[in-house]
Amino acid sequence: DAYLAAMEKHRGLNAYITETPDKARSMAEAADQRRAKGEANGLMDGLPIGIKDLFCTEGVLTTAGSHILDGFKPTYESTVTANLWRHGAVMLGKLNMDEFAMGSSNETSYHGPATNPWKRRGSAQGGSDVKLVPGGSSGGSAAAVAARLAMAATGTDTGGSIRQPCAFTGTTGIKPTYGRCSRWGIVAFASSLDQAGPMARSVEDCAIMLNAMAGHDPKDSTSVDVAVPDFRKALTGDIRGLKVGIPKEYRLDGLSPEIAKLWDDGVAWLKAAGAEIKEINLPHTKYALPTYYIIAPAEASSNLARYDGVRFGLRVPGKTLDEMYELTRAAGFGKEVKRRVMIGTYVLSAGYYDAYYLKAQRLRALIARDFTEAFKDVDVILTPSTPSAAFGVDENSDDPIAMYLNDVFTVTVNLAGLPGISVPAGLDSQGLPLGLQLIGRAFDEETLFRVGQVVE
Ligand code: GLN
């Protein structure tokens, strides 16, 4: 009831697209009954959470932040959300997001931007009057967790969409190893990069929630059949002797002094806790952003072909079938989604495939190899999560390149399929939260949780 009241009071943040109070009450009541009978065995029994609108939820509107999925109520439940309900979690509603998870500010949502509950200090750059973005694409999830409109939330991360919004809102989120969580029933953006993960108030909450979400699923052929350890057991606080890599290439020209200082602070904290710091090289880092912005649109253009006005959501009638497709897609997709579909079909077209898509695939392999080499010498890598703190609504929305630069520290991790966590690590001079990122070996989320807890 407290969460439902808070959601109502803070509707101005536009964090929720759909509220499900009836469902929340009946799920909470069932949890109470289980507790009364001593049967509350789930990891999240009775805990109220929000769900990013990219997850299909049976009988509950699922729009992926797009007009084209107007009125779409799935007849099935995504594996990840089904796992959460099996562990007793309670659903508060569906959370705002960039359209089809394409964006870094939640401004591409058809439902309008979600707002960051944090504000700049009174005197700084327009001060508390300026509305700040919560990051994206999981912007509604981050805003809801930060404003206490959910105890935790699900997110998805294709190029940073869990970690960047967590950094912008002072919350904690992990993109697990590719294959750790099932993608079944999650609206696909770029299938070789997409991964679901928890967004919460602490490393420990993320550890618990990932245990509830993860696991092999025969319905997703890329879900990996490896044991899921009890992540809470990794939270020992002991990182003595652990080797932490600091990649030179992430010290970009013009990196803001505040971000550089945050990174240095992180190094100092880990050193003080007994870790060994080593400088490492990830030589292909500079190619990561262009590689990502070829591969992700290529896969998106293929995945989004299914929105044709026949099977899901919106239909704009036309005189012929082709005209119906065209009118539906013209009206149903926003500007950023259309830009990605055009880039994607271009780089996959016969004349350009070798020059762009194939080259990007080769670079992806080299970026992954950089990490494999680095992890021969170190156990974990420390970087900033983002190149800046949260920016103002409308500040970057007209400049796609400026927007894409937000992802400079996060996309490498998705291209390599590795786990990455963002942990709140301090405030900038305007009083806004900043995050540090830890990157680990494949299926070694445990080290990220252990080290993350030392940073938080
Ligand atoms: N900002 C990136 C993009 O727009 C990443 C999005 C994501 O991780 N879903 O593609």
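Trainee: In this predicted model, what makes helix H8 (residues 288–303) and helix H10 (residues 335–348) roughly perpendicular, given how their axes cross?

Mentor: Their axes come within 7 Å and cross at roughly 100°. Angles from 65 to 115 degrees count as roughly perpendicular, so H8 is roughly perpendicular to H10.

Trainee: Which residues make that contact?

Mentor: H8 brings Ile294, Pro297, Ala298, Ala300 and Ser301, while H10 brings Arg340, Val341, Ile343, Gly344, Thr345, Val347 and Leu348. By kind, eight are nonpolar, three polar and one charged.

Trainee: Now the largest nonpolar core: how many residues does it have, and which have the most contacts inside it?

Mentor: It has 129 residues, and Ile49, Ala144 and Ala150 have the most contacts inside it. H8 gives the most to this core, with nine residues. Setting aside residues up to four places away in sequence, Ala150 touches Tyr3, Pro48, Ile49, Gly50, Leu92, Ala144 and Val145.

Trainee: How do you know that helix H14 (residues 445–455) is mostly covered?

Mentor: Nine of its eleven residues are buried. A residue is buried if 20 or more other C-beta atoms lie within 10 Å of its own, and Leu448, Phe449 and Val451 are among those in H14 that qualify. The cover includes helix H6 (203–213), helix H7 (257–272) and strand S9 (380–384).

Trainee: And what surrounds the ligand?

Mentor: A shell of 13 residues, with Ala101, Ser104, Thr158, Gly159 and Ser161 the closest. The shell divides into four nonpolar, seven polar and two charged residues.

How values were computed: Residues numbered from 1 in each chain as written. Predicted model: local features only at pLDDT ≥ 70, side-chain atom pairs only at ≥ 80, totals over all residues. Near = placed C-beta within 6 Å. Nonpolar A, V, L, I, M, F, W, Y, C, P; charged D, E, K, R; others polar. Axes fitted to C-alpha atoms, helices over the stretch in contact; angles between N-to-C directions. Helix = DSSP H or I, 4+ residues; strand = E, 2+ residues; numbered from the N terminus. Parallel < 35°, antiparallel > 145°, perpendicular 65-115°, else oblique. Contact = placed C-beta atoms within 7 Å. Core = buried A, V, L, I, M, F, W, Y, C linked by C-beta atoms within 7 Å. Buried ≥ 20, exposed ≤ 12 C-beta atoms within 10 Å, placed from the backbone.
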